[in-house]
Amino acid sequence: MKHLVPEFERLKARFPAGFESSLVLPCLRRIQEDRGFVADSDIAGLAAYLGVPRIQIEEALSFYTQFRRKPIGRWHVQACRNVSCSMRGAERLIDHLRRRLGVAPGETTPDGRFTLSTVECLGSCGTAPVVMVNDAYHEGMTAEKIDALLAGLE
Amino acid sequence: MPEIFIDGRAVQAEKDQTVLQAALANGIFIPYFCWHPQLSVAGNCRICVVEVEAKGGSWLDISCNMPVSEGMRVRTDSEEVRAQRKAILQFITLNHPVDCGICDKAGECTLQDYHYAYNGAPSISHDPKVRATKFFDLSRRILLDNERCILCSRCVRFTREISKSHALGIEDRGDHSLVRPAEDGCFDDDPYSDNVIDLCPVGALLAKSFLYKARVWYLRPTPSVCPGCERGCAVNLWHRRPEWQLNALDPRQNTAIARVTPRENPAVNGPWICNKGRDLAAIFERARAEQAMLKGAPVGLAEAIAAARRLIEAARHPVALVSNWGSNEELAAFKRSLAGRFSAAFVKIDRQPDPGERLEDDFLIKRDKNPNTAGARALFDDAPAALPAATDLVLVWGEGGDFARLPAGAKTILLGSYLAPENGHADVFIPVSIQTERRGSYTNFAGVVSTFEPCFAKKPAVADAEALFAQLGAEERVPA
Amino acid sequence: MAGTKLLMTFPVTATSHTLADYRARGGYATLARVLREMKPEDVTKEVTASGLQGRGGAAFPVGRKWQVVHLDDGQPHYLCANADEGEPGTFKDRWILENAPHLLLESMLIASYALQVRNAFVYIRGEFDLPYRRLAAAVEEAYGAGYFGERILGSDFSCDVVVYRGAGSYVCGEASALITSIEGKRGYPRNRPPRLTVRGLYQKPTVINNVESLANITGIIANGAEAFRKVGTAKAPGTRLLSVSGHVERPGVYEVESGYPFRDFLREELGGVLGGRALKAVIPGGISAKVLTAAEIEPLALDQSVFEAAGSTLGSGGMIVIAEGTCMVRLLQVMLRFYHHESCGQCTPCREGMGWMHRVIDRIVAGQGRPEDVATLYHVSRWNDGTTICGMGDAAGYATTAILDKFRDEFDYWIANGRSKHRGVLEVGNA
């Protein structure tokens, strides 16, 4: 975490004084971006850096679905299964992904390439069904498009 | 002072009060789980709902977060309120195991009480309950049953607002939310942690030291004062009710302290005590000295008293070291009956801090680990660094006497309660009762006098110090 | 044509979101005029006079919210743009964030001036990637051009903005949960009172407005409240961004003038129901809005007050069109799974109720339904109505009871026969 402190300092400068507690979420996001997950040592380091209670960080990590405390596959495939996506084929698409990757949602392929997740609404309902791979949205997905997409991901 | 109307009754409320506070202050009960007078308003349990009647119609809302306003009218028991309370209780018990039969909290459980008072109906759910962790080690001292937890957050708020350890939080979300300690284990280091056990309105937080020990209705709370430091927190010592004495099982339980809980005293400790106060059994239930002795040889109590009188009579420069664990009444008895027979009487500091014990903080814990130093000092002087060389008799009352440093050749009379090597070395040893066997009072550091009541009878072979001092100081001369 | 446009007034190109293009469209001129010519209270007056209603779901008048803030109370005030946009079916703010980020920023500066805000925030949902990058880039451009920072455009007014990213929580779209989240904590909503405009972010007066609500501010100040009121209807002035999804030919974001007939909107703009199927129902304003049957919605004009009179709402503008043949039991199952997943767990009725309903409907769908299940769903919904800290419990209850009221036969059928009346799928396209 230490090498990110200069970045955190720049971030802090944008906030009013006394907003250290507010930096918990942005710092955790940045740490996860950097490491792929938030490690126990990051929690202790961030608590000390921001001067916030450790429990606040642990609570936030468990409350927000995007945070994770364990490493996952190189490619995080998140398929939306909420109303609009399901109405446009998400349920079939998720079945296809399960078969194609050979894992259930929440699991990682044995080669560590893919982690499959289902999520609830990514705000892309007009181009449903949507699959998010790492940070990128892939909209209007079909089984064929998914296969082509996955094939291109090492 | 706004006047409000609760169930049609005019009530004078304080300006910054909530409806719940105004109602409780005026003897009108509104049920609540998450609210607590010493904690911030969480407003999450939703059971304290009341109906507000206004011109445009009435509405329901929680009373713990409802400020009073002049002329407002609320109903605490309307049909709507009763229906909503019942629905809330059905939600609360939906995933609660309702295992009162094996729950330590049964008999003093808010949920149990409210269920009988406000619901009483069986669950309408046919679906399996959400399973959660049972027997989770919240700390070395406390067990957590997450299935019984109703997520009122009282324990969490306690660690943030009162003990300031920030040791607890709620992890995950929805009906999978779990109270959890911070992973660095800092809850183990919170010397006030056990207050969350009393705060818990259900059987989710349990003292390991009390786990499955007794149904609470077999126990009686005796008002007492914690002797752990000069704060003198008001406590209740819980012990087996005399009418429920055990004969066949372990009869030692009849004279054991099952648990210690705070007894609210705003002038001293509010509703809290520290963990040391929870562990008074560790102090009181040490092996007791119950045998009078002359130089280690067992004798009857009367014989020992007579021997002590002879020693006092014969001494030319007798000095007394009085106990700062003595009650005000015992200290006064000593002063009244016996002090005139001694050249000097000094206050002895009976106990020093245990290794690793928190010395003091800005909450409850004080540096002096004795209950009545202030009471003793009001009557006696502090001891000098060394007793006068001419001292030929020392009466040591209580623990902590440094026998190695007594003037050479001085005789000793020791009044003690617990087994200790020095008991057998004293010229006269007289066993005396302890706090749980007598009535008395202590004066705390701030001058507040608190009284304690006896839990158990003392054994006949043990002296009561107050009576003993009168006997030792009586005018009647012993034949030479 | 769906009438006058106030927001989608320019062709979207590869550069239309940039500062250069925005300025070419007259961008930041209104801010300059406001700082030069207007007093803060005049801005609020104009916004109040416009009758602008919040576009996040509750349709609360924006001006009335602003008026609660006392400019001379000696405290810092905060402004938060709510870009959490998590209501399923809603993706209209995303259009603004991606295509008109400077319109949002200029509006926020004007609002900050009106409310005397030194520090403004945009709370953007954590999953949004492109919208975040576009907005963050726009913020840097705006700082570079002197629109944020100290003494903006030579005036006495200084303002900073932070784009704050969420991390995956629907509840954080609720204003008080959003604030708790900006404080770096788990996103628990707060009890009212106090209102957030009295004690919000770090206990200071805080105004939270939806992105689309704010985006309208620049236009209202530029052209005057009078001009804004001429668009739309008397009760619901202006336009609405509607994000349409589900079984339609042309889903997407549309700006419609208030009062535009739904029937025309469906036929002309959306290209009708997918594959020419018959319309079964519409969820008009995000899944928390009560479903309307085809017969109920077909005669309606797209006007918040009209939808309220019909027992529903345009809410967050997330319109989900449902074709004949869709299984409403499965639809409710997906919705309840969502509410269960997103319940923050703070207050009793929602924490326990959402999971309860989810388990009941899962059991029905598994063919293990019991005759009293529908009554249980009604019971849980009833006791989430007005009993919770935030509006989520109510919303889940309204959504549930509306579907039960209007499509009861599908539930009874599944419970009685152990299977769906309509193939048990939500997808109709490939049937």
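I started at C:Ala59, which counts as buried because 20 C-beta neighbours sit inside 10 Å. For the record, buried means 20 or more other C-beta atoms within 10 Å of a residue's own, exposed means 12 or fewer, and partly exposed is in between, with C-beta atoms placed from the backbone.

**Ground rules**

I'm working on a predicted model, where local features need pLDDT of at least 70, side-chain atom pairs count only at pLDDT 80 or more, and totals for chains, interfaces and linings use all residues. Residues are numbered from 1 along each chain as its sequence is written, while chains are lettered from A and ligands numbered from 1 in the order in which they are written.

I found C:Ala59 in the loop between helix 3 (40–50) and helix 4 (62–67) of chain C. Helices here are DSSP runs of H or I with at least four residues, strands are runs of E with at least two, and both are numbered from the N terminus.

Next I looked up C:Glu85, which is not a glycine but has a positive phi of about 25 degrees. C:Glu85 sits in the loop between strand 1 (77–83) and helix 5 (92–99) of chain C. Is C:Glu85 buried or exposed? C:Glu85 is buried, because 30 other C-beta atoms lie within 10 Å.

Then I checked peptide bonds. C:Arg192 and C:Pro193 are joined by a cis one, with omega about -5 degrees. Another cis bond joins C:Pro193 and C:Pro194, with omega about 0 degrees. I placed C:Pro193 in the loop between helix 8 (175–182) and strand 4 (206–210) of chain C, and C:Pro194 is also in the loop between helix 8 and strand 4. I noted these spots because most residues other than glycine have a negative phi, and most peptide bonds are trans.

**Helix 11 of chain C**

Which residues are buried in helix 11 (residues 262–269) of chain C? I got C:Phe262, C:Leu266 and C:Glu269. Looking down the axis of helix 11 of chain C, its buried residues fall within an arc of 115 degrees, so they line one face of the helix. That arc is of the directions from the helix axis to the C-beta atoms. An α-helix has 3.6 residues a turn, so residues three or four places apart point the same way.

What do the buried residues of helix 11 of chain C pack against? My list is strand 6 (252–257), strand 7 (260–261), helix 12 (294–297) and strand 10 (301–302) of chain C.

**Chain C as a whole**

I counted 18 helices and eleven strands in chain C. The radius of gyration of chain C is 22 Å, close to the 22 Å the globule rule gives for 431 residues, so chain C is as compact as a globular protein of that length. The radius is taken over C-alpha atoms, and the rule is 2.2 Å times the number of residues to the power 0.38. Buried residues make up 61% of the 431 residues in chain C.

Chain C splits into domain 1 (19–230), domain 2 (239–323) and domain 3 (328–417); the bounds come from an automatic or database domain assignment. The centres of domain 1 and domain 2 of chain C are 27 Å apart, taken over C-alpha atoms. Their contact takes 13 residues from domain 1 of chain C and 18 residues from domain 2 of chain C. Two residues are in contact if their C-beta atoms, placed from the backbone, lie within 7 Å.

**Chain A**

Chain A has a mean pLDDT of 96, and 100% of its residues reach 70 or more. pLDDT is the predictor's confidence in each residue, from 0 to 100. I also looked at chain A against chain C: 39 residues of chain A are in contact with 45 residues of chain C.

**Chain B**

I counted eleven helices and 23 strands in chain B. Of the 480 residues of chain B, 46% count as buried. My last stop was B:Pro460, in the loop between strand 23 (449–452) and helix 11 (465–473) of chain B. B:Pro460 is exposed, with 8 other C-beta atoms within 10 Å. B:Pro460 and B:Leu301 are 159 residues apart in sequence and 8.9 Å apart in space, C-alpha to C-alpha.
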